[in-house]
Structure formats: structure tokens, C-alpha cells
2 protein chains.
Amino acid sequence: MSHPKPRTASLMASPDDIEAQFYEALQQGDIERLMSVWADDDEIACVHPGGPRLVGAAAIRASFEAIFANGNVPAAPEQVRRLQTVSCAVHHLAERVTVPTAEGPQTAWVLATNVYLRTEQGWRMVVHHASPGSLGEQPPTVGDAPSTLH
Amino acid sequence: MSHPKPRTASLMASPDDIEAQFYEALQQGDIERLMSVWADDDEIACVHPGGPRLVGAAAIRASFEAIFANGNVPAAPEQVRRLQTVSCAVHHLAERVTVPTAEGPQTAWVLATNVYLRTEQGWRMVVHHASPGSLGEQPPTVGDAPSTLH
């Protein structure tokens with residue numbers, strides 16, 4: 001890839017910082033900020049809820065541009081669970097999305113896996129895989145509660 | 001976790017070996033083999049297509065036992081794309097699932113992200129996130145073709 005990319009993501013940022021930047025960019029509909037969290041790698045991939053697999057920055061950018069053309073995305077990460085090595089951070093979480101309905105705002109949940117690798121530019125996202133969760137106040141998670149409080 | 005786990009997965013196995021073992025176990029409906037590919041970590045997670053997030057070995061095992069009670073799973077990985085560091089392997093792929101219908105066998109696609117970490121027991125799966133793809137002969141992937149042939 002020879003395209004210049006915005007480098008607003010800091011070299012010192014942690015995976016949590018990069019994740020926060022990703023969701024802020026979604027909430028703000030900021031395509032440049034959103035793309036700056038991704039690694040410069042042909043194999044990066046994104047799956048939107050119910051959508052196909054998008055591989056590479058061009059396909060991922062086009063998808064988010066189409067989404068932002070309809071407005072920003074009010075998605076906030078909750079119940080983040082983490083696995084980490086020195087060069088890799090794997091986060092899985094529930095995204096709370098507030099949806100306006102005739103009966104007032106409702107909560108929809110999206111389940112996401114976000115993977116970050118440590119690159120020469122610092123931590124960067126390499127995979128965002130999201131799938132439809134459910135409606136209602138409780139996120140659709142089954143299993144043990146987190147062993148540590150955050 | 002103090003439960004003894006089967007250790008049929010080899011200490012020398014690569015992420016590709018572990019992935020092959022995972023899909024063979026699905027195809028064979030072999031719960032012990034399937035669980036042996038997972039890391040011994042409370043934060044491991046699995047999302048089946050359209051399902052909730054399952055966290056921890058007990059919830060993951062229960063889900064696959066319920067699936068295998070209805071038969072094995074004829075899922076075969078295709079179009080595997082890889083990102084790897086020394087301690088982490090991220091694979092995203094399309095699972096080809098052959099579904100019997102009144103009009104004969106049809107192909108359904110599931111999109112999956114599989115993440116493996118290098119543990120003291122060797123490479124182990126930590127996340128399997130699968131979501132509904134589409135029907136038809138072509139897997140639902142958008143973007144650049146692989147830069148290397150496998």
C-alpha cells in the first residue's frame with residue numbers, strides 16, 4: 001500500500017486507547033480518525049453485523065463511508081474481556097447501540113471481537129468482527145463473570 | 001481452572017495444525033478433541049452464528065455438546081487469510097457448510113475469525129467468532145485477493 005495514511009493514533013497508545021479511538025470515531029462519524037486505528041496490512045478485515053467479510057483498507061473504508069453517509073454510529077463498548085500477549089491484544093465485548101423507535105429509544109446489542117497487533121506504528125487494529133446480538137437491557141453473554149473488576 | 005483437560009493437541013503444532021484439528025473435530029462431532037484446541041484461560045470466547053457470546057470453557061463446551069447432540073458439523077475452512085506475530089495468529093476465513101435441502105445439497109457460508117495465542121501448552125485457540133454469511137457458491141468476501149498463494 002503506497003497511500004499516505006493519517007497517523008493521528010499515537011505511537012504510545014495502548015490497545016485500550018486505540019479501541020477508545022475506534023468507538024469515538026464511530027460515534028463522531030469521523031472516517032479519517034476511524035481509519036487511522038487500523039494497521040497498514042493487506043490482511044486487515046472487518047465484518048459488520050450480517051455483512052460480508054471486508055478485506056483490506058479500501059474495502060473497509062468504503063463500508064464505513066457508506067455507513068457514515070446515513071449518520072454516525074452510537075455504539076459504546078461494554079463488558080470488555082481481554083486476552084493479551086506482548087504483541088497481540090484480543091478484546092471481545094458487547095456494543096450497546098441506542099436505537100430510536102416509535103416507543104422511544106431502545107437498546108440493541110452487537111457482539112464484537114477486536115484484535116490489535118503491535119506494529120512499527122504502535123498498537124493497531126487488524127480485525128473488527130461484529131455480529132447481531134439482541135434487544136433488551138442485558139448484553140447477550142453466557143458464562144463466567146470477569147475474574148477482575150475494571 | 002483446576003479441571004484436567006485432554007492434551008491431544010501437540011506441543012509442536014502450528015496455528016494451522018490447531019485450526020485443522022478444530023474443523024476435524026467439528027466434522028467428527030468429537031467434543032474432547034474440539035475442547036483440546038482451546039487455551040486454558042477464563043477469557044476464551046466463542047460466538048456461534050446468530051448466538052450469544054460464550055465466555056469460558058464450561059459455556060463453550062455446553063454449546064458444542066448441544067450442537068453435537070443434533071449431529072456433527074460439516075464445516076470446512078476456505079479462503080483463510082492470516083496475520084501473525086511471534087505469540088499470536090489471527091485467521092479469518094469462510095466456512096463452507098453443506099446443507100441438505102429438498103432441492104439437493106446447498107452451500108451455506110459462515111464467516112469466522114479464529115485467534116490463537118502461543119501458550120505454555122503450545123498454540124491454542126482463544127476466540128472463535130462466527131457469523132451468518134450467505135447461500136451460494138461464492139464466499140461472501142469483498143476486497144483484495146490474497147497477495148500470496150497458499
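**View 1. The second largest pocket, in chain B of a predicted model.** The second largest pocket is lined by 16 residues, and those nearest its centre are B:Pro49, B:Val73, B:Glu95, B:Val97 and B:Val110. Helix 1 (15-28), helix 3 (57-68), strand 4 and strand 6 of chain B each give two or more residues to this lining. Strand 4 of chain B gives the most, with three residues. By class, the lining divides into 11 nonpolar, four polar and one charged residues. The volume of the second largest pocket is about 240 Å³. On a 1 Å grid over the protein atoms alone, a pocket is an open set of points with protein on both sides within 12 Å along at least five of seven lines, and a lining residue has an atom within 4 Å of a point. Points are joined across faces, edges and corners, and a volume is the space filled by probe spheres set on them. Helices (H or I, at least four residues) and strands (E, at least two) are DSSP runs numbered from the N terminus. Ala, Val, Leu, Ile, Met, Phe, Trp, Tyr, Cys and Pro count as nonpolar, Asp, Glu, Lys and Arg as charged, and the others, Gly among them, as polar.

This is a predicted model, in which local features need pLDDT of at least 70 and side-chain atom pairs count only at pLDDT 80 or more, while totals for chains, interfaces and linings use all residues. Residues are numbered from 1 along each chain as its sequence is written, chains are lettered from A in the order in which they are written, and side-chain values use heavy atoms, with hydrogens and water left out.

**View 2. The largest pocket, with its lining in chain A.** About 280 Å³ of space lies in the largest pocket. Of its 17 lining residues, A:Leu26, A:His48, A:Pro49, A:Ile67 and A:Val73 lie nearest the centre. Helix 1, helix 3 (57-68), strand 4 and strand 6 (122-135) of chain A each supply at least two residues of the lining. The lining has 11 nonpolar, five polar and one charged residues.

View 3. One cavity of 30 Å³ or more is found in the whole structure, a cavity being a set of grid points where a 1.4 Å probe fits but cannot get out. The volume of the largest cavity is about 40 Å³. Its lining includes A:His92, A:Leu111 and A:Thr113 from chain A, and B:Cys46, B:Arg53 and B:His128 from chain B. Two or more lining residues come from each of strand 4 (88-101) and strand 5 (104-119) of chain A and strand 1 (45-47) and strand 6 (122-135) of chain B. Seven of the lining residues are nonpolar, four are polar and one is charged.

**View 4. The contact between chain B and chain A.** Each chain brings 40 residues to the contact (heavy atoms within 4.5 Å). The two chains bury about 3400 Å² between them, 59% of it on carbon and sulfur atoms; buried area is the accessible area (1.4 Å probe) that two parts lose on being put together, summed over both. In chain B, B:Glu43, B:Arg53 and B:Leu83 lose the most area to chain A, together 23% of what that side buries.

**View 5. Salt bridges between the chains and within chain A.** Side chains of opposite charge can pair when their charged atoms come close. A salt bridge is a side-chain nitrogen of Lys or Arg within 4 Å of a carboxyl oxygen of Asp or Glu. Two salt bridges link chain B and chain A. B:Glu43 pairs in this way with A:Arg81, the closest N and O atoms being 2.6 Å apart. Within chain A, A:Asp16 and A:Arg82 form a salt bridge (3.1 Å, N to O). This pair joins helix 1 to strand 3 (residues 75-84) of chain A, across 66 residues.
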